[in-house]
Amino acid sequence: MTASDTAPLMIRMEAVDKHFGQLHVLKDVNLQVPKGQVVVVLGPSGSGKSTLCRAINRLEPIDSGVIEIDGKPLPAEGKELARLRAEVGMVFQSFNLFAHKTIAENVLLAPVKVRKQPVAEARKTAMELLERVGIANQAQKYPAQLSGGQQQRAAIARALAMRPKVMLFDEPTSALDPEMVQEVLDVMTTLASEGMTMLVVTHEMGFARKAANRVIFMSDGEIVEDSAPDEFFTAPKSGRAKDFLGKILTH
Ligand SMILES: Nc1ncnc2c1ncn2[C@@H]1O[C@H](COP(=O)(O)OP(=O)(O)OP(=O)(O)O)[C@@H](O)[C@H]1O
Ligand SMILES: [Mg+2]
């Protein structure tokens with residue numbers, strides 16, 4: 001038995017189903033992520049990876065099933081939901097920073113508005129986080145004045161400012177120029193090594209091999225494989241995963 005078999009669960013999904021109209025996008029999804037685990041989600045376009053992430057912090061409602069974060073079911077709405085959202089940090093492909101606010105303001109806004117932190121305290125935390133992601137010297141600039149990699153690191157700092165229990169990343173490096181991918185992956189790798197529970201949709205196979213404890217492969221709304229990275233990359237079980245790896249590793 002490994003440590004993660006006994007660690008308490010941070011994410012639990014049981015028999016989760018979701019449709020968009022006729023389209024069945026999550027099919028009986030069962031997923032348990034222990035605290036501190038890093039899970040990479042792979043799968044072809046349209047397989048449901050983003051929907052899975054969005055369901056976990058309730059940006060998308062589900063039709064049926066159970067989703068729990070840290071042992072508590074997802075609240076439907078209201079204050080409880082806002083609290084839950086604060087516990088689940090999310091970083092998207094597009095950086096989603098507020099264009100008319102400085103980087104520091106972007107990071108301190110939610111702690112002040114949602115957590116009612118005093119501004120001075122929030123500013124101090126924001127600066128520490130910007131230091132941690134390596135862009136403290138950009139704090140007074142506006143998003144458009146930063147490179148894509150710097151903006152994405154700011155987005156990570158902004159999510160961390162809420163002290164989330166778990167971080168979801170949906171293709172955080174897909175919109176970046178190649179030379180900026182690594183600086184973002186480095187921040188994520190450090191976060192993983194510090195014990196953050198992470199669910200990461202990415203096509204960065206190096207990150208999956210190095211930082212993930214586990215790889216989940218989705219196809220047509222189903223989790224088709226769930227294995228250790230080594231096992232997945234060297235001996236995928238399903239034809240669908242073999243196909244996918246064939247395409248992604250040769251392109
Ligand atoms: N708001 C929506 N309304 C209707 N259909 C949607 C909506 N969002 C996603 N879909 C459909 O649901 C399916 C799953 O989409 P999803 O975005 O989760 O896939 P994905 O695995 O993240 O794909 P990609 O790799 O392209 O990001 C796709 O067929 C998509 O077209
Ligand atoms: Mg997606």
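Predicted model: local features only at pLDDT ≥ 70, side-chain atom pairs only at ≥ 80, totals over all residues.

Reader: At what angle do helix 4 and helix 5 pack?
Author: Helix 4 (residues 103–113) and helix 5 (residues 119–132) pack at about 130 degrees, and their axes are 9 Å apart. That makes helix 4 oblique to helix 5.

Reader: Which residues make the contact there?
Author: Helix 4 brings Ile103, Ala104, Val107, Leu108, Pro111 and Val112, while helix 5 brings Val119, Ala122, Arg123, Ala126, Leu129 and Leu130. They divide into 11 nonpolar, no polar and one charged.

Reader: And helix 4 against helix 6, is that parallel or antiparallel?
Author: Helix 4 and helix 6 (residues 148–160) pack at about 25 degrees with their axes 8 Å apart. Because angles under 35 degrees count as roughly parallel, helix 4 is roughly parallel to helix 6.

Reader: Who's touching whom there?
Author: Ile103, Asn106 and Val107 of helix 4 meet Ala154, Ala157 and Arg158 of helix 6. That contact has four nonpolar residues, one polar and one charged.

Reader: OK, switching topic. Which residues are around ligand 1?
Author: Among them are Phe20, Leu23, Val25, Pro44, Lys49, Thr51 and Glu171. Ser45, Gly46 and Gly48 are also around the ligand.

Reader: What does Ser45 do with the ligand's oxygen?
Author: An N or O atom in the Ser45 side chain is 2.6 Å from an oxygen atom of ligand 1.

Reader: And how far are the backbone atoms of Gly46 and Gly48?
Author: A polar backbone atom of Gly46 is 2.8 Å from an oxygen atom of ligand 1. For Gly48, a backbone N or O atom lies 3.0 Å from an oxygen atom of the ligand.

Conventions. Residues numbered from 1 in each chain as written. Chains lettered and ligands numbered in written order. Heavy atoms only, no water. Axes fitted to C-alpha atoms, helices over the stretch in contact; angles between N-to-C directions. Helix = DSSP H or I, 4+ residues; strand = E, 2+ residues; numbered from the N terminus. Parallel < 35°, antiparallel > 145°, perpendicular 65-115°, else oblique. Contact = heavy atoms within 4.5 Å. Nonpolar A, V, L, I, M, F, W, Y, C, P; charged D, E, K, R; others polar. Near = heavy atom within 4 Å. Polar contact = N/O pair within 3.5 Å; in protein donor to acceptor, adjacent residues only side chain to side chain.
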